[in-house]
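Visitor: Hi, could you walk me through the pockets in this one? I'd like to start with what lines them.

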Amino acid sequence: MAAPGRLRWAVCLRGWEPAASELDLLLSWLPAEERTQCERFRQPADKQRALVSRLLARRAAAVALGLPQGDAVVKRTRGGKPYVANELPGKAEGPVPNWNYSVSHEGDYVILAAEPVAVCGCDVAAPRAARRAAGGRAESLEDFFASFERQFTAAEWDMIRGAGVEAEQESAFRKLWSLKEAFVKAMGLGLGYELGDVEFALNGGSTATASVQGSPHREWAFHLHQLGGGHWAAVARAPLAEVVDAWGGFTATFKKTEFGPGEWQEQLAAPEPAFSMLGVADLVPPEQRSAYAAAGGELV
């Protein structure tokens, strides 16, 4: 059984074609600023991913922290990392003293990963076919790789190109790319980090280790998950000290910052749960289920 607050959730949006009434109702459950952010997207699929990612975060806060879904105060660091800013009495003594989460969406999936103590980062990488379906360029695999040349080290390129046929090379690429993005998102760095500075080595099929400019990052843990349709997801567990938080709001939510002998290693070595597959209906607040059905949403 996963530790309290350690969540791995995924929503597959393939085939979801919400009516305008359903979308309007879902959007109405977000604060005005977040509604505006979602509505800025011109493509319906982008708007839907942005909406579902925000609903996922609020549902996760309700489950992990016991907050009414509409009461979660979501803020962002200067680098764009989201966090729940509510002051919660007794949080320091509970099982989720540093609860935080990360969201990602690409292709068919919107995912969320959350951790009770370690800092969390996650990313989902979609196959090129899904990117093309969303309006991306049609190009050869070599041309595609060329545009990412500097983001991978020589050893990583050897791993990608030595993976086998094109489909296997692309799969290796997605594994490494999702790991790099999860690494950056855990720290809250946003854009601008030199991804070629961090190098990953895969340990079998589901874990990885990282080094930055040759220095091993042993206080981190990385896990890979294969989702449907060729999507790969990566989850990072990071030390609290690695967070970049210029405004200090995120780090102020941490209630456990000291660790006894072996405590941190226990966090890194804790079992990694599989992603639970949710539907949009699973993100609906219990008191809104009747309204959701009336708006055209499917509760099954």
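Guide: Happy to! The lining of the largest pocket has 21 nonpolar, 13 polar and 14 charged residues, where Ala, Val, Leu, Ile, Met, Phe, Trp, Tyr, Cys and Pro count as nonpolar, Asp, Glu, Lys and Arg as charged, and the others, Gly among them, as polar. Bear in mind that this is a predicted model, where local features need pLDDT of at least 70 and side-chain atom pairs count only at pLDDT 80 or more, while totals for chains, interfaces and linings use all residues. Residues are numbered from 1 along each chain as its sequence is written, and side-chain values use heavy atoms, with hydrogens and water left out.

Visitor: What volume does the largest pocket have?

Guide: About 1200 Å³. A pocket here is an open set of points on a 1 Å grid over the protein atoms alone, with protein on both sides within 12 Å along at least five of seven lines; lining residues have an atom within 4 Å of a point, and a cavity is a set of points where a 1.4 Å probe fits but cannot get out. Grid points are joined across faces, edges and corners, and the volume is the space filled by probe spheres set on the points.

Visitor: How does helix 2 sit against helix 3?

Guide: The axes of helix 2 (residues 32-39) and helix 3 (residues 44-65) come within 8 Å and cross at roughly 150 degrees. That makes the two roughly antiparallel, a label for angles over 145 degrees. Axes are lines fitted to C-alpha atoms over the stretch in contact, with angles from 0 to 180 degrees between N-to-C directions.

Visitor: Which residues make the contact?

Guide: Glu34, Gln37, Cys38 and Glu39 of helix 2 meet Lys47, Ala50, Leu51, Arg54 and Arg58 of helix 3, with contact meaning heavy atoms within 4.5 Å. By class, that is three nonpolar, one polar and five charged residues.

Visitor: What lines the largest cavity?

Guide: Val84, Asn86, Glu87, Leu88, Lys91, Thr253 and Lys255. The volume of the largest cavity is about 40 Å³.

Technical notes: Helices (H or I, at least four residues) and strands (E, at least two) are DSSP runs, numbered from the N terminus. Angles under 35 degrees count as roughly parallel, over 145 as roughly antiparallel, 65 to 115 as roughly perpendicular and the rest as oblique.
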